[in-house]
Amino acid sequence: FDTSTFALESTLDYAASQLAISTDGTVLALRASGSPNVTGANDDSITTISLPAGAVLNKWPYVQDSGTYATDMTLSSSGSLLGQVLSSPAGLARQVTASAGGAVLWSDSGSAEPVRLSLDDTLIAVSSGPLDAGNVTTTVYLNDVQSTAVPGWSAGWLEGDLLLQTLPPQTEVFNSAGIEQSSFNSASGIAGPLQPLTATAF
C-alpha cells in the first residue's frame with residue numbers, strides 16, 4: 001500500500017513467517033512459510049524483492065530441517081544489506097551479505113541471536129546469548145571488523161549510531177565506541193527490532 005493515499009500498489013504471491021522492509025519502501029525481504037511458489041510446506045527460503053514492481057532481487061533457497069536453513073533475518077534500513085541466522089548440522093552461524101546476493105561480507109558462529117544492522121550500514125551488533133541469559137554481551141563490528149563490546153542484549157540501532165541494549169531492570173544506550181550515553185528503567189527489557197522515528201524517539 002502507498003501510505004500517502006493508502007491505495008493498493010501490488011499483491012505478492014508469498015506466504016511469510018517474517019517480513020522486513022527498507023525505510024524508503026523499495027526493498028522487501030521475506031522468510032518463507034510454506035510459500036505457494038515452492039513445493040512443500042518446509043520452505044524456509046529468504047527472498048529479497050524490489051517494490052512496488054515485485055521483481056526478485058535474490059533468493060536463498062533453504063528447506064527447514066534439511067541441511068542449512070534460516071531461523072531469522074534482518075534487512076538494513078537502506079535495504080542494501082541482509083543479515084541471516086542459519087542452522088545446519090555443523091551448528092549455528094550468522095552472516096551479512098548484500099540484499100541482492102553476492103559474497104558473505106561478515107560472519108560468525110555459535111549463536112542464534114539476531115543480526116542488528118546500523119542505519120548507515122557501517123555497523124553490525126550481535127549478542128552472545130538470549131535476552132534472559134546472564135552475562136550476555138554484544139560485540140560491535142565497524143566495516144565488518146570487530147570494534148568494541150558492550151554489556152547486555154542488543155535490541156537495535158538508533159539514529160546517530162547509538163545502540164540500545166537491554167540489561168534488565170534497565171535499558172542502556174551506548175555509542176559505537178562502547179561508551180554509555182544514557183539509561184532508563186525497563187523491568188522486562190526491550191526485545192526489538194526497533195524502528196527509529198527521530199533522533200530521540202523509536
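Biologist: How do you know that strand 7 and strand 8 pair, and in which sense?

Modeller: They share four bridges, in the antiparallel sense, and two strands pair if DSSP finds at least two bridges between them, so strand 7 and strand 8 qualify. Bear in mind that this is a predicted model, with local features needing pLDDT of at least 70 and side-chain atom pairs counting only at pLDDT 80 or more, while totals for chains, interfaces and linings use all residues. Residues are numbered from 1 along each chain as its sequence is written, and side-chain values use heavy atoms, leaving out hydrogens and water.

Biologist: Which residue is the bridge partner of Ala93 in strand 8?

Modeller: That's Ser109.

Biologist: What makes residues 81-88 and 91-98 strands, and how do they pair?

Modeller: Strands are DSSP runs of E, at least two residues, numbered from the N terminus. Residues 81-88 are strand 6 and residues 91-98 are strand 7, joined by eight bridges in the antiparallel sense. Leu82 stands opposite Thr97 in strand 7, and Gln84 has Gln95 as its bridge partner there. Strand 6 and strand 7 form a hairpin, with two residues between them.

Biologist: Why are strand 5 and strand 8 called edge strands?

Modeller: The open sheet has four strands in the order 5-6-7-8, with antiparallel pairing. Strand 5 (69-75) and strand 8 (106-109) each pair on one side only. Neighbouring strands in this sheet are turned by 15° against each other on average, direction ignored.

How values were computed. Axes fitted to C-alpha atoms, helices over the stretch in contact; angles between N-to-C directions.
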